[in-house]
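Colleague: Could you walk me through this one, slowly please?

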Amino acid sequence: MARIGVFICHCGENISATVDCAKVSELAAGLPGVVYSTDYKYMCSDPGQSKIKEAIREHNLTGVVVSACSPRMHEPTFRKACAEAGLNPYLCEMANIREHCSWVHEKGDATTQKAFDLTRTLVEKVKNNHPLESIKVPVNKTAIVIGGGVAGIQASLDIANGGHQVILVEKQPSIGGHMSQLSETFPTLDCSQCILTPRMVEVAQHPNITLYTCSEIESMDGFIGNFNVKIRKKAKSVNEKLCTGCGLCTTKCPTKNIPSEFEQGLANRTAIYVPFPQAVPNKPVIDRANCRYFLTGKCKVCQKLCPTGAIDFEQEDEIIDVKAGAIVLATGFEIKNTDFFPEYGYGKYKDVINGLQFERLASASGPTQGAIRRPSDGKTPEKVVFIACAGSRDPAKGIPYCSKICCMYTAKHAMLYKHKVHEGTPYVFYMDIRAAGKNYDEFTRRAIEEDGAKYIRGRVSNIYEKDGKLIVRGADTLLGGKPVEIDADMVVLATAAVSCDGSESLAQKLHVSYDPYKFFAEAHPKLKPVETNTAGIYLAGACQAPKDIPESVAAASGAAAKVICLFSNDELTREPIVAKVNRMPPPIFSTCMGCEMCISICPYQAIDKENITNRNGEVIKTIAKINPGLCQGCGTCVAFCKSKSIDLEGYSNKQVYEEVLALLNN
Amino acid sequence: MENDFEPKIVAFVCNWCTYAGADLTGTSRIKYSPNVKIIRFPCTGRIDFMLLLKAFSNGADGVIVSGCHPNDCHYTSGNFHARRRWVVFRTLLDFMGIDINRITFTWVSAAEGAKWAEVVNTTASKIKELGPYEAYRKITNEIWES
Amino acid sequence: MGAINEIAARLLETGEAKVVIGYGEGSFGSVRPAFARNQEEAEKLIYDKRCTQNLAMYVYKKEISPLRKLAIVANVSTLRGIIRLASENQIKNGDIITLYINELGEVIECKALSEIEICLAEITPEIKPEDKELIDKLDAMTPQERWNFWISEMESCIKCYACRQACPLCYCTQCAVEVNQPQWIPVAANTSGNLEWHITRAMHLSGRCVECGQCGEACPVNIPIHLLPIKLAEEIKNIYGTVSGMKIQESNTLSTFKPDDKENFIG
Amino acid sequence: MTKLGFYPGCSLEGTAREYNESVMSLATLFDIQLEQVPDWNCCGATAAHNLNKILSLSLPARILAQAEKAGMKEIIVPCAACYSRLSVTQHELFENSELKKQVEEVMDMTLSSPIRILNVVQFIQEFILPHLSEKIVKPFDKEVACYYGCLLVRPHDILQFDRLEDPQTIDRIMEQLGAKPIDWPFKTECCGAGLSVSRTDLVAKLSGKIVKEATERGAKAIITACPMCHANLDMRRSAINSYLAKKYDVPVLYITQAIGMACGLNNKQTGIYRHLVKVNN
């Protein structure tokens, strides 16, 4: 006979403000099989958990229902408490009366009734729960880090220094990411490359790190501790083993006018190229889309020049199979280009540039060696207008969020400009100055007060070219919306930071959630900021949301710590939510008829055939068998099985059936 | 005329997308009709069509079935299998004259808290307009009357 | 003596088959299934226009199954039933010799399942005109009228499960209707339980039904119950382009998918 | 003969009579019959929509209901303000059933389904452009400044017509006529609109900018599709010129007039003789 305990949480006033918790408890006490029922202010607190533990011991409970917040929040907490009191943790269920009830309905009888209905439903479920044992699975102690920007570099180094193998996968020919493009960094104005390149080299030289550049994730299956990943290593047309990185090949390439990605189109590169001088690995690759040989079938100049015979036009993409226990996503962000803004000339004015382009102009290693010159005619601009929130915080542009980094880097840009062009005037159009961070506000104040950047609070409505000037028309909202017109020489748009192209398909390959803007979603906005909903996959850096360098690095180290925690176990326990094929006494053995249709339905190839033999070893019957190590518990086979021969622990036919009945029959 | 019929609606949802989306509705404090009550499943693939029948035979006036958007399934393909199952099931129910307007199929992701509220509210108001599922009640009540 | 009798006699004589499942004369001008185990019985087998029953349902029955190898006299729906059973691993290649009688009345002896596939490749299965007519009629009705139609039929169902027994694909040793933990479908015959049973049966046949109509034939109270799986088979053909029981390597339509499958009803 | 619904609105019967004349002549030339919405009323493009929301919706809703009653599947609305009011109203009502109910009660008519509401540019694109090349007798061989104003493209969410900040459709049509549209930044600049009467000084300033910029960038004509814009740029030219202290004589043409001229219609047919700024053929 079931002996169920019911615990109703007030969650401070989060639940009790709209639900009469005492009444729910009282009603629950009257349910058949419920021997104990109570309510308490904070069930998840220590005293709250003690109440549960005491009740389990005192009333010899066979099942526990905690009606509180979402089980996605506290199910592990309460299951652990039950286990500590000697009750199998899988005999504990939660009714979600906060997110699904108290927070979404007005105070009243209907809300209290619903809280009770949900509680009753879970009481009926828990009556049909079975004690389950966690499943142990081995952990492969190799991590895959996807993306080699500063976050990916940090995560890789941290995990590698923790003594584990790391496979770092980078889409571009070099690691370094956006940080390698930056001139100087806020709020310290230290040189970005000076602090980043040593770490890039460290990655290349680290014995625990394997680096694949020009590579992307082809597919993934498996689960935490046991991922199988296929990496597509794209043909570089240069044999890395033979290449010494001398760079001779790049000197005579006849195709010299390809806009350099690294220089943001402000300079050109050749078809065989090293993206930038400090690239890691520092070996050239051939851009097949632009290479004369691949376009016309003639040329091969680089091959003739190469002293080691490393140029290989026949090289093909390679698929590398790797096994890993954890994956860190560090794919970063992109910025919107100027062509996103019709009102600012949608990219047709050469002297309207984006923030990254300005970084290259200001960079000592950039196309102008750090001199601020406008792209159209190379003249030093006397008036530069910086426009913050270009696209960001603008629902009409589909980007309602704040890109977070622009306020700071725009202040930095204004400052760098003023430092390089003393007689120049920087104007900054802004909506708000968001400078929360260590030494950040001081930094923006400095830009305004010491370097004399002219900050104008207002939006720019449009920009047009006239007589060699860019006419910037906006409003000064601090002066009652007074129209402002500036005849600028150059305009820098702090364009919105957006998720990378392809992040949606990567998320789908890895089965991680993403938000409407295709940034990867964390498992909990506050308490699990570097985890994803898929166990074993973690987030680092701006692939989650716009982040600056310190935040990206912090998140990367956080993700690395999570990976190292995971790898500190040889085995990990998994929830035993797996499907099972029933077994019966002979001569039936199982009601499974061996139609094998479940085999094709299983996304994890977890179902196989099992032969049942007699004493002589003859096959009497062939039935389906589920490998609990591979099964992830989706239950698709369960709903599909015609003879009801498969059932799912934790969501059994009996449990869900009783839930439906209990929910409706009040 | 005020319609004071309060329909009973059961929502069968997957844990990873819609359940989490409904959590987000809560976290965002978006209000919706209390008529809908959620039963949690690991995946839409787990939702047996027979549960929908059981819901109607136990007095539900409407049903919502919701999971991850195509390609977003936590288990890769459970929702794809479910989708085919629902296509066939709907055809059958419609062929038998069962009111398919009482079943809402939808995809609600973990980020779509507002969409969940909208799904619930539109379903609830639609079912309110349709009224109690008397036709089905009639055949289930017969068991007790005979 | 016809070709069918000669072949049956030969198979039994050579021991290639222990039993030949076929048709024999019944009472009052009807035909009945016949099981020939010797020369004498082989001579009594007949085949004519009346032989429409799908005999594939016998091949896995516990009285027949141990007699494998079997031979079976087959019309098109029997062929499809056998192929479908093979694709669900209920028959293995070599278990069964099929004696298919084609349009011209010729007997085609298929020893391997692949030979059946070749016969089927020439055939475009069509549902009976009277079934099509009734389905169209029902489709033209309002949902309310369809409901009334089916409920009045369901009221007369006595849950004898003859429909299940007659179906070549209902081979489970434990049917979903017999599961009592939970009791998905009530044991007693009542309208809602009957409705649930027939919905379940149709769903379990979806993507598998070979459209022989035997379930409807078998119904003692004449419910056109075969229309349910047949309607689904037709819809599946329209939507997914798949036809069950034509090829062994086919997978069940409902245990496969395409990412861009139709979903216009999902919001 | 193609038959289409037609809503002229007040401007086309008053200050923009020449617009109406040119639309009608063009329709005749291209074998199109424009049938007026029976018993049409004001579109509500007045101060009313700042004061009484239901009234401002009910006025255009009645026009839509009248069109629906007359069995019209689409209506051509040359005036940009009318086009905006009708489109916005239709959108709001079919998005919000409560509001729709309220408005239907007010006008005592019902709206069953949305109809297509086409502005003059869409009308030209769909019904004139396919046959245009065969009718051109005298290419419009001039630099032109295509001026869209605000109401043709805003609110973009609802109208979904052309690029919000840098519309292109009139430019493309003018190219078909043989014209060279200039690249200029003031395509959707404010002309001063309804301040025409109350604050002519402001209109002179705002419209002045447009006239000046177009002239300086070499335009020989300004092409418009809105009676309000036309009024401000043409009728207020003397105010503009005295504000700018310079005589600007760039003419302002409705797009339908430009097409009419290229197709050999006479001044009477295109109505250009009514303009205050003289048009040289």
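Predicted model: local features only at pLDDT ≥ 70, side-chain atom pairs only at ≥ 80, totals over all residues.

Colleague: Which domains does chain D have?

Modeller: Chain D is assigned domain 1 (2-119) and domain 2 (136-274), with bounds that come from an automatic or database domain assignment. In the contact between them, domain 1 of chain D gives 22 residues and domain 2 of chain D gives 24 residues, where contact means C-beta atoms, placed from the backbone, within 7 Å.

Colleague: Which element gives the largest share of the domain 1 side?

Modeller: That is α1(D), with nine residues; helices here are DSSP runs (H or I, at least four residues), and strands are runs of E of at least two, numbered from the N terminus.

Colleague: New topic: how are β32 and β33 of chain A joined?

Modeller: Strand β32 (residues 607-613) of chain A and strand β33 (residues 619-626) of chain A run antiparallel, joined by seven bridges; strands pair if DSSP finds at least two bridges between them. D608(A) of this pair stands opposite K625(A) in β33(A).

Colleague: And what sits between the strands of that hairpin?

Modeller: There are five residues between β32(A) and β33(A), and in this hairpin G617(A) takes a positive phi near 80 degrees.

How values were computed
Residues numbered from 1 in each chain as written. Chains lettered and ligands numbered in written order. Contact = placed C-beta atoms within 7 Å.
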